Amino acid sequence: MEHNLYVNSSPHIKDVAKTSNIMFDVIIALIPATIISIYLYSYMAAIIIGVTVLSSVLFETLYNLLTKQKQTVGDFSAVVTGLLLALNLPPAASSIWLGVVGSLVAIIIVKMIFGGLGQNIFNPAIAARVFLTVAFSSQMTTWLSPGADAISTATPLALANNGVVTSNLDLFLGNIPGCIGETSALALLLGFGWLLIRRIITLDITVTYLLTVVIFSFIIGADPLFHVLSGGLLLGAIFMATDYTTSPMTRKGKIIYGVGLGVITMGIRVYGNLPEGVSFAILFMNILVPMINRTTLPKSFGGVKKKNA
Amino acid sequence: MKQYKYFKGGVKVPHYKNTENAETTVMPIPDLVEIPMLHHIGAPCEPLVKPGDEILVGQKIGDSDKYISAPVHTGVSGKVKKINSILFPNGMNIKSILIETDKKQVLHPSIKPPVINSKKDFIKAIRESGLVGLGGAGFPTHVKLNPPEGSKIEYLLINGAECEPYITSDYRESIENSWNVISGINIIMEYLDIDKVIIGIEDNKPKAVEVLTGIAKTSDKIDIMPLKSKYPQGAEKMLIYSLTGKVVPAGKLPLDVNVIVMNVASVAFIASYIKTGMPLTKKRITIDGGAIKTPSNIEVFVGTYIKEAITFAGGFKEVPKKILMGGPMMGVSQFNLDSPILKQNNAILAFNEKQSKMPEQTACIKCGRCVRACPMNLMPALFDVFSQYGAVKKLVRFDVLSCIECGSCSFVCPANRYLVQSIRNGKLLVKAKESK
């Protein structure tokens, strides 16, 4: 009896976790924010999200075709990037082409050229948002207040810079001007719950990030709740700072990363010229991740403390 | 008694204990057995017999003068047909003795209960019994039981955790052979002057806990500790930590923290050997897997061919595509069905096509699941990169040699990286560099 047997190194069974399942869970976690954004900004939000997601997927497909590499769109990471980028755009008509340009930057320049999923140094959606903010600053700050008769206005953080106060309840529910997806804290927290239940992310980064912002606010005498609920903080802390590839792998590293994010965000918000600092904070901390990983090596069980590698 | 400590990391594996209620059946003597000269960690034995020799039950057929080695015996009587050579999965060619059995089962005159008057006699007897660690690793027991002069063994820990999926042979041993388990423990305690024994069993085996607790009640020195069912609870370093809170330093042995760990089947064998003098020639194994018709526990002679053991157990229901010696997490996949069963085998698993094919690797997304799963607190994802680039210094600095190859990292990896394989390569790179 002759059999052709598979021979490989152990282990011979696998957990069900797959990259595409993880990405799919992130997409599910973003659904509440997506629904609220469409409810608040109606078809405009839907168009922006659709165009951005589609162009992200398209750019990744094209890149793989042109460079004759294995097709990777099946891992859904381009969908996640596109969706996150769309939620980071203002709800104006100009965002439709901003989404296309942003996808090009995020997928081709930030992700694929660096070697694709898992190899990029910067979070693609954040890097693209920062690029758009710098290159198209007026279009990226065309804020509209939610509702049928959308009128041009300023974001709560920009208003706060000029001394105008927005109620925390409005901030929580999303009844405020801002990017498509960052306005409703409630929707984002629902997504956070889903990611935690599905064990996609751990509490470490998000909690230390938010706690640092709260403590910083206390120290300077600002309203901590206002700072947590406004701007892109929750969207950034829950969905962008926790991106696997561009955040540290060790628990200690994650905590250092979270604290760094909080300090830079508040530093920019309070002392900088820009009203919002989440994107720049994440981009900056992304650069430090390899160094954080090297300096926070865990001590092996029964081993001696490691020197920094 | 409550678990002392909980180790970090580890994974939840499916249990698949299909055979937990399958009582052990004894397989009749096959026409041919092939007994390799290596069933243990250490030096292989040299054959003591030559083709044409008539051999009797219990006769020593292979031995070595090296300290870390254990002699090999035959459990069948018959005629030596040939000295063969078998390619082991680790790439070594090992001599083996092909025996044509006569089924008369005449006992060799040397088989009588050993006379033991001292610890030295005891260690010598254990060596002559051919016992190796039956939990799977096969470390020669006489080496394990021989602590350096002057050191006092604080604990004897008995490993009945059996955290690998499918396997129930230790569980059946604990239930079917429970008196021998306890009496083996008593013998070791007496000769090695140990006063504390803890038996660790995962809490998914309440019946084994109950049966052993019932018997051990007579001794106030033996405790039974149910352990959380978490893989790799049965790994030596994890077990020691769970039962005593002691941490074995990197590169050291349990003896260095005054602990001896033995498998339930090993201690039960010691009891029967002291009584009868019959060396280790039989083994209880679990036969299971998706290609197997009737998952079962059988007792076979060491040297029985895998395919004959499976045929006795009921044969295949699907075409087998992977044959494993041991469990699915750490078992060794075999080249063919003609490999003989070894002393330290506790299971033969036959997987069907669907179970056999490992998914293709995709890019690491640096999710850190492997880091969280590692019970040794290492960073498997980085080893993967370092071994591919041959970064030996980094492999050493990140402590690749501490890896116990439990497979938890590969098990949880969403990108299906072959992490354990990379780590094994990495260890070889480090060893090659060191020996230069």
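Let me open with a pair of helices in chain B: α4(B) and α5(B) pack at an angle of about 50°, and their axes are 10 Å apart. That angle makes α4(B) oblique to α5(B), and the crossing of the two is right-handed. Please keep in mind throughout that what we are looking at is a predicted model.

Which residues make up this packing? From α4(B) come S178(B), W179(B), V181(B) and I182(B), and these meet V211(B), L212(B), I215(B) and A216(B) in α5(B). Sorted by class, the residues of this contact are 7 nonpolar and 1 polar, with no charged residue.

Helix α4, residues 178-192, lies across β9 (155-159), β10 and β11 of chain B, and runs at about 155° to β9(B). Helix α5, residues 206-216, lies across β10 and β11 of chain B, and its direction is at about 170° to β11(B).

Now to the sheet itself. It is an open sheet of 4 strands in chain B, in the order β11-β10-β9-β12, and the pairing is parallel. The edges are held by β11 (222-227) and β12 (259-263) of chain B, each of which has a single partner strand, so one side of each is left without a neighbour in the sheet. On average, and with direction ignored, neighbouring strands here are turned by 25° against each other. Looking at one pair in detail, strand β10 of chain B, residues 196-202, is joined to β11(B) by 6 bridges, and the two run parallel. Within that pairing, G200(B) has M225(B) in β11(B) as its bridge partner.

The peptide bond from Y231(B) to P232(B) is cis, with omega near -5°, and P232(B) is found in the loop between β11 and α6 (236-244) of chain B.

Chain B holds a further open sheet, this one of 6 strands, in the order β1-β14-β13-β17-β15-β16, where the pairing is mixed. Its edge strands are β1 (25-26) and β16 (332-333) of chain B, and each of these pairs on one side only. At the β1(B) end, β1(B) and strand β14 of chain B, residues 296-301, pair in the parallel sense over 2 bridges, and V26(B) stands opposite E299(B) in β14(B). A helix covers part of this sheet as well: α3 of chain B, residues 169-176, lies across β13 (282-288), β14 and β17 (347-351) of chain B, and runs at about 125° to β13(B).

Stepping back to chain B as a whole, we count 14 helices and 17 strands. How does the radius of gyration of chain B agree with that of a compact globule? For 436 residues such a globule would have a value near 22 Å, and chain B has 21 Å, so the two agree. Along its principal axes, the C-alpha trace of chain B spans about 65 × 50 × 50 Å.

Let me turn to chain A, where I again begin with a helix pair. The axes of α8 of chain A, residues 204-220, and α11 of chain A, residues 251-271, come within 7 Å and cross at roughly 40°. This makes α8(A) oblique to α11(A), and α8(A) passes α11(A) in a right-handed crossing. Among the residues of α8(A) that take part are Y209(A), V213(A) and F216(A), while the residues they and their neighbours in the contact meet in α11(A) include I255(A), G258(A) and M266(A). By class, this contact has 12 nonpolar, 5 polar and 3 charged residues.

Two backbone details in chain A deserve a look. The peptide bond from S10(A) to P11(A) is cis, with omega near 0°, and P11(A) sits in the segment before α1 (19-66) of chain A. Within helix α1 of chain A lies S42(A), which has a positive phi of about 45° although it is not a glycine.

Finally, how many residues does each chain give to the contact? Chain B contributes 56 residues and chain A contributes 34 residues. On the side of chain B that touches chain A, the elements that give two or more residues are β15 (322-325), α12 (392-397), α13 (408-412) and α14 (419-434) of chain B. That side of chain B has 33 nonpolar, 13 polar and 10 charged residues.

Methods. Residues numbered from 1 in each chain as written. Chains lettered and ligands numbered in written order. Predicted model: local features only at pLDDT ≥ 70, side-chain atom pairs only at ≥ 80, totals over all residues. Contact = placed C-beta atoms within 7 Å. Nonpolar A, V, L, I, M, F, W, Y, C, P; charged D, E, K, R; others polar. Pairing = 2+ DSSP bridges. Axes fitted to C-alpha atoms, helices over the stretch in contact; angles between N-to-C directions. Parallel < 35°, antiparallel > 145°, perpendicular 65-115°, else oblique. Left-handed = near helix turned anticlockwise from the far one by under 90°. Rg over C-alpha atoms; globule rule 2.2 N^0.38 Å.
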